[in-house]
Amino acid sequence: MVLYEDNKAKYDAVSKDLFRLVQRDEKIHDVEFKTKPIGFFMDVWLRFVKNKASVIAAVIILIISFFAVFGPGMNEYTYDEQHTELTNMPPKVPFIAKMNLGFFDGGYTMENRKYDNLNDPEKYPEGCILEVINPRLVNGERIVDVVVDYYKYKGLSDEQCFWFGSDYLGRDIWTRMWRGARVSLIIAVVSVCCNVFIGVVYGSISGYYGGKVDMVMMRITEIINAFPRIVVVTLFIMVFGTGMFSIIMSLVIKDWVSTARMVRSQFYRFKGREYVLAARTLGVKDMALIFRHILPNSIGPIITSSMIAIPTAIFSESFLAYIGLGLQAPEPSIGVMLSRGQKVLLQYPSQVVFPAIIISLLMISFNLFGNGLRDAFDPTLRGAE
Amino acid sequence: MKKTKKMLAAMLAVSTLAAALSGCSGGNKTDGSLEFTEAASADRNNGTTEAGASESSEAKTDPNGEKPSPEGYGILREASTAKIGSLNPLTYTQSYASTQIKRSSMTLYGYFPSADYTACEIAGELAAEEPIQMDEEGKVWQIKVREGCVWENGDTLDANDVYYTWKMILDPKLANLRASNFANDAIEIVKAMDYFQGNASWDEVGLKLIDDHTLEIHTVSMHNPTEVMIHLAHPANCMINEEYYEKGMNADRTETMYGTSQEHYISCGPFLVENWVNDAEITFKKNPNYPFADRIWLAGINIKVVEDSSTQMQLFENGEIDYVQLSTSNYLKYEEDPRVLLAPYNSVRHVVVNTINPEKPILANEKFRQALYYGVDRENLASLTKQDPAEYIVPTTHMMDLNKNITFRDTEEGKANRKENYGYDPEKAKQLFDEAMSEEGLDKLTLTMHYSDTELMAQMSEFLQQSWPKLFGADRFELKLQAMPANQLSQVKRGWQTNPASYELSWGGWVGNDLAPWNAFKYWTSFYSNKNEPFINEEFDKVFNAANFADDRFDEGVRLKEVAEMERLLIEPANVIPVTQDIYKYLKADRLQLSTNGYVNRIGFAWDYSKIIE
């Protein structure tokens, strides 16, 4: 107004014809979007697929999951079928063996063999010896290392083979490994689902009601968190014996605490928002407020933490199996196979290499996948790219 | 550049994997003639010598000389998975500790290699001669103690030390673990157990000190000198030193520090403790004052605690230890190596059956147990685990007559208890199983077998888990496995006394006195408190008592028949199901020369009598 008052003469001098009223006869509205609207999950998806490492990780997880489901049925062996005359067989895949690449051909170096026995066809069937190396005299005896086609050495036909070799009871490692991967994944997924369920319910109630309820509930989590995991596992095994139930329970009993804390913090963040107050004013009940109005805001962090918890659970299961607290024989798991395989690492490396590769891939993939999801769900990154 | 690096990394990963999966490696082809040299062997398997220099194949002279010198020559280097814990002979728990106690202390009698190292002899170590029978009944024995024996610090070692040791073994306040064994094992000492339990005075006990070099023992039953010597040769009866034992004693006289560290221990045996770092390393040096020092070639023994067997194997391959025990997988690698030594173990591994389990009454059914017995393909299992198949319970190491070097299994009675095909008879097993199931009114049976989670036990248990259902029908029989730590398993097995349903099937293996197989059966008598299984049989007890205490037991062939009878009573009704007898496998370095020509019963390879020849 001061501007007009000060320049009154100047403005009054401007002709009114220079002005006209706009939109008096038109409806005023926003311009229609030229693109399709994007929902929350579509937005997450679009940002997720931009992360190449996460996509590759997801594909690897899918492939491993596929083999975990169908792999054990891909050959004629079952996971517990013993071939006591064919123990510790090296890996052999017929079509790779024909390529003469030097691996997956059933070749094996038999160390410290008597040279004088090499011509005995009962010990070394014709054509099984590929190479004789490291000749030496030990206590006057001629000793060599013999590279053999172990399948011929055992008198097997060209068709019969163990793709990834066999173990100390002649069981097929391919079948056992994929069944083990299946078991590891089941343990991980089931334990994580239980953790999420307990953690979400517990954290929601604690975060929503706050005050004394929160204080008591959080102190309980601290007490639970104070138990050493190995003690919890040992107690479960003592009462229920080794097996999937004990392992899942030992993973559930402690791990839901972190989910509960995370959910609680989300509730503290959202429960004071205006829309929640509005809903409460309108008489919406507590449970509906918790699970319908506030919890959906936490869905991103929950999914992300679950994905990151899966490799932790797989690792924990493997660790327990490795220290001898694993599944009941003859059920395999990756950890059980690693535990047995490392004892013969120097003699039969294939028995540890394949399960080690699978667990490494699973761990890396789930971590990368979890990271990708975290970035995709993070609302602060929306539109950042 | 970045792409090239990635390619290189990928190629490296693939080649590493390929190397792991392939048995092929570079080397000579078979087409040319091979040159065999000693040098290759020495570099590869013998490693560096103690002085750090490698020796070529030039002519070697024996550095030990013609006779062992007072200080000996060369250090025997061992690695052990077990820790010693305590060198107190009265309280040790591990058999490995007893080996080290025996190395550094003396018993009245001991086991020695014969002059030609082909057999074992029992003879006086601290005792000057065999026990002297002082009465007609054979219940009073005098023992003369060798003169001139000394402790490491030069103090005299005589009958007073033996008497003090005996008193401490049985001391009621100390409540030593080994007291009951000393009171009553191969011989029963008058009132010894009563004194230990506080029901008699020391004067009443049948142990007397006559003079500085004479002791007297009064026994409950009649015995012969060999039984007395066997009883007194147990490592738990090794001498303890009064000064050190009392110095370590607490005010209540309920515990002593003796044998817990070098500071609280003093040696007198063939070797003296030179350096001891608990749970890590112990070094012994030759005792020049030992009565049989002229048979000990070594200057000392060094033992490192290496718990991981793979690390032990690497130490051996690097030439840092002189022998190593081979695991099954390592044995497969060295199967044809001439340096491999095989030793039968003094125990038969068997399946124990809880016959009083109220939840599985079929376990009390004799036909069912026999079905399990005849259903074990021992030969196949033994070839997997590289053990000996055993359908018997008395191991091949158990001697009936030490002087004649006759084992029980060599005798006609021992052979009569053997079965064709190592007791594996699938048809008979199936028939017995069907009959038992029908008698018990069962269509399907699920049993659980507890086992300690070791590589070997897992393999054996998993073998039975597959083979029994295969034989009896997977739809009719299922075997579940339950692994647990050995200590816990031991409690579970012995828990049948308070909880009859504590287990169904498990594994056992007793290490009995190999010079007294009749005494080794004590583990199955009704009066043995630490039994694994609820086997109580009056007839068995009767035969045991007859074999161990009856007056006619020394008559020709009587005891032999009784041992055979006890074995039959255990096996025929399949109260235990023997499966295998372990074979220990060792790999020995070239620098170590054994005195024995292979395994000798009781003394094994007599490592302490070997020579270092580099």
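Two strands count as paired if DSSP finds at least two bridges between them, and helices (H or I, at least four residues) and strands (E, at least two) are DSSP runs numbered from the N terminus. The model is predicted, so local features need pLDDT of at least 70 and side-chain atom pairs count only at pLDDT 80 or more, while totals for chains, interfaces and linings use all residues. Residues are numbered from 1 along each chain as its sequence is written, and chains are lettered from A and ligands numbered from 1 in the order in which they are written.

**Exercise 1.** Determine in which order the strands of the open sheet in chain B lie, and which strands stand at its edges.

*Solution.* Step one: the 4 strands follow the order S1-S10-S9-S8, with mixed pairing. Step two: S1 (75-80) and S8 (271-277) of chain B each have a single partner strand, so one side of each is left without a neighbour in the sheet. Step three: from one strand to the next the twist averages 15°, where axes are lines fitted to C-alpha atoms, for helices over the stretch in contact, and angles run from 0 to 180 degrees between N-to-C directions.

**Exercise 2.** Describe how S1(B) pairs with S10(B).

*Solution.* The two strands, S10(B) spanning residues 300-305, pair in the parallel sense over 6 bridges, and B:Ala79 stands opposite B:Lys304 in S10(B).

**Exercise 3.** Find which element of chain B supplies the largest share of the side that touches chain A.

*Solution.* First, 44 residues of chain B are in contact (C-beta atoms, placed from the backbone, within 7 Å) with 46 residues of chain A. Then, the elements that each supply at least two residues of this side of chain B include H1 (2-21) and H15 (455-472). Finally, the largest share, 8 residues, comes from H15(B).

How values were computed:
Two residues are in contact if their C-beta atoms, placed from the backbone, lie within 7 Å.
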